[in-house]
Amino acid sequence: MKILVTGGAGFIGTHTLVELLEAGKDVVVMDNFSNSKPESLARVKKITGKDFKFYEADMLDTAALDRIFEENPDIGSVVHFAGLKAVGESCEQPMRYYTNNISGTLKLLDSMNRHGVKKIVFSSSATVYGLPKSVPIKEDFPLKTYNPYGETKLMTERILSDIIKADPEWCAVILRYFNPIGAHSSGLIGEDPKGIPNNLFPYITQVGVGKLKKLRVFGDDYPTHDGTGVRDYIHVADLANAHLKALEYAEKTVGIDYFNIGTGKGYSVLDMVKAYERITGKTIAYEIVDRRPGDIAECYADPTKAKEVLNWTAKYGIDDMCRDADRWQTNNPEGYTK
Ligand code: UFG
């Protein structure tokens, strides 16, 4: 059976495609290139030596979705990455976020249902835990969100839960990502944010290659070991492997289940700067500025459930993440160019 990968040209999508293709899976890929470029898929083909069918299509286009399922009746499951993902942007453009992430997902689920495809692996986020009451975070912690982006992730989890209550043939595996960074070890695919990066690690690597001058560290007065924010950084190759494990689990089960995908270890902003400097020999200029509104002090996973149920654990550490992200950024200072 084939796997439909929505948003396959993005950062996590491309790495997951490599993982699935190398495991011998057949994939069909769709993307609207709203935040990605075709070159990324050419690179996936180069790494794996494998080809796949691609549709340039938008989730809001029901006819296009129907055509994908009609032309590929052997699709048995969907890995659903497609969606907008910037917290700040979601506060400025909530309609766009709800339309894309919620209406788009509803159209996808409806088309799946009408074509008898009832297995989905969904990209959720640690953002659904809001301000966690403690760390490490377990899957049964209370859920609350503080911005439209997070709301779309939590709403989609709830939509999937209701669909499953109404139709016991459905299966949804919800993966709650912590902070994915790093890149494929080939240096051919990696994170390619549009404009100035919002997230810490692409910012560090762009300072590393001289594209940006100075990192701004958002606050050094948090109650953490050095005062800067602590996160659970996970290598994107480990995250990609979690999707393979989730699909294997979905093949043999029904119902809904939720998994934290993180390493279980927290590193501060300055820990990451120092690790990157140590691994690459480069210097990262930085200045401490005010806290970024909405940020929390500490966020890291308890990944025990993913280990016990999916048989998944993170293999890579921050040294690998720094080395691989730097290789990608050095080889592709402008990201994908076409
Ligand atoms: N940071 C800086 N300077 C920067 C960027 C970030 O100091 O230029 C700090 C932040 O304050 C935070 C840490 O680096 O302490 C990580 O920030 P990121 O923006 O890289 O990541 P977040 O943890 O804020 O957000 C990420 C994803 C969200 C997701 C969230 C879930 O980007 O999509 O994790 O917890 F919702």
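Which helix gives the largest share of the lining of the second largest cavity? The answer is H6, with three residues. The model is predicted, with local features needing pLDDT of at least 70 and side-chain atom pairs pLDDT 80 or more, while totals for chains, interfaces and linings use all residues. Residues are numbered from 1 along each chain as its sequence is written, and side-chain values use heavy atoms, without hydrogens and water.

Helices (H or I, at least four residues) and strands (E, at least two) are DSSP runs, numbered from the N terminus. An open sheet of seven strands runs in the order S3-S2-S1-S4-S5-S6-S11, with parallel pairing. Pairing requires at least two DSSP bridges between two strands. Strand S3 (53-56) and strand S11 (255-261) form the edges, each pairing on one side only. From one strand to the next, the twist averages 15°. S2 (residues 27-31) and S3 pair in the parallel sense over four bridges. Met 30 has Tyr 55 in S3 as its bridge partner.

Two helices are described here by their packing. Helix H3 (residues 62-71) packs on the sheet and touches strand S1 (2-6), S2, S3 and strand S4 (75-80). Its direction makes about 165° with that of S3. H6 also packs on the sheet, touching strand S5 (119-125), S6 and S11. The direction of H6 makes about 150° with that of S5. Contact means heavy atoms within 4.5 Å. Axes are lines fitted to C-alpha atoms, for helices over the stretch in contact, and angles run from 0 to 180 degrees between N-to-C directions.

Asp 167 lies in the loop between helix H6 (148-166) and strand S6 (171-177). Asp 167 counts as buried because its relative accessibility is 19%, the cut-off being under 20% relative accessible area with a 1.4 Å probe and protein chains only. Neighbours within four places in sequence aside, Asp 167 is in contact with Asn 113 and Lys 118.

A search of the whole structure finds two cavities of 30 Å³ or more. A cavity is a set of points on a 1 Å grid over the protein atoms alone where a 1.4 Å probe fits but cannot get out; lining residues have an atom within 4 Å of a point. Grid points are joined across faces, edges and corners, and a volume is the space filled by probe spheres set on the points. The largest cavity holds about 80 Å³. Its lining includes Phe 11, Trp 328 and Gln 329. Helix H7 (200-208) and H11 each supply at least two of its lining residues. The second largest cavity has a volume of about 50 Å³. Among its lining residues are His 80, Phe 122 and Lys 153.

Methods
Buried < 20%, exposed > 50% of the residue type's maximum accessible area, 1.4 Å probe, protein only. 1 Å grid on protein atoms, 1.4 Å probe; cavity = no way out; pocket = protein on both sides within 12 Å on 5 of 7 lines; lining within 4 Å.
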